[in-house]
Amino acid sequence: DAGKSPALGFVADLSAYTTEVANIANVLAEYKARRLFGTTDPKEWYDQFLKDLHTAGIDKIKDELQKQYSAFLASK
């Protein structure tokens, strides 16, 4: 009874954002152990983690993905 996801067939193009994607990957790698294994209390690092993601350009990526996804939906 499950319906098809409206996202089926959507493929994002982030080729113009390679710097931001690389910066975000670096931030995720830096915090990997803390996120995955709980090596430190999230209260000690989570706010800084979010700030680092914003500095790395996650908002640009999010906005671009939303723009592309909205255009994809409108073209259906």
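Reply: Leaving aside neighbours within four places in sequence, Glu64 is in contact with Leu14 and Tyr17, where contact means heavy atoms within 4.5 Å. This is a predicted model, in which local features need pLDDT of at least 70 and side-chain atom pairs count only at pLDDT 80 or more, while totals for chains, interfaces and linings use all residues. Residues are numbered from 1 along each chain as its sequence is written, and side-chain values use heavy atoms, with hydrogens and water left out.

Glu64 lies in helix 4, residues 58-74; helices (H or I, at least four residues) are DSSP runs numbered from the N terminus. With a relative accessibility of 12%, Glu64 counts as buried, because buried means under 20% relative accessible area, exposed over 50%, and partly exposed in between, for a 1.4 Å probe and protein chains only.

The side chain of Glu64 has a polar contact of 2.8 Å with that of Gln68. A polar contact is a pair of N or O atoms within 3.5 Å; within protein, one must be able to donate a hydrogen and the other to accept it, and residues adjacent in sequence count only if both atoms are side-chain atoms.

Glu64 also forms a salt bridge with Lys67, with the closest N and O atoms 3.7 Å apart, a salt bridge being a side-chain nitrogen of Lys or Arg within 4 Å of a carboxyl oxygen of Asp or Glu. Because Glu64 and Lys67 are three residues apart in helix 4, about one helical turn separates them. Lys67 is exposed at 55% relative accessible area, whereas Glu64 is buried.

Terms used: Helices (H or I, at least four residues) and strands (E, at least two) are DSSP runs, numbered from the N terminus.
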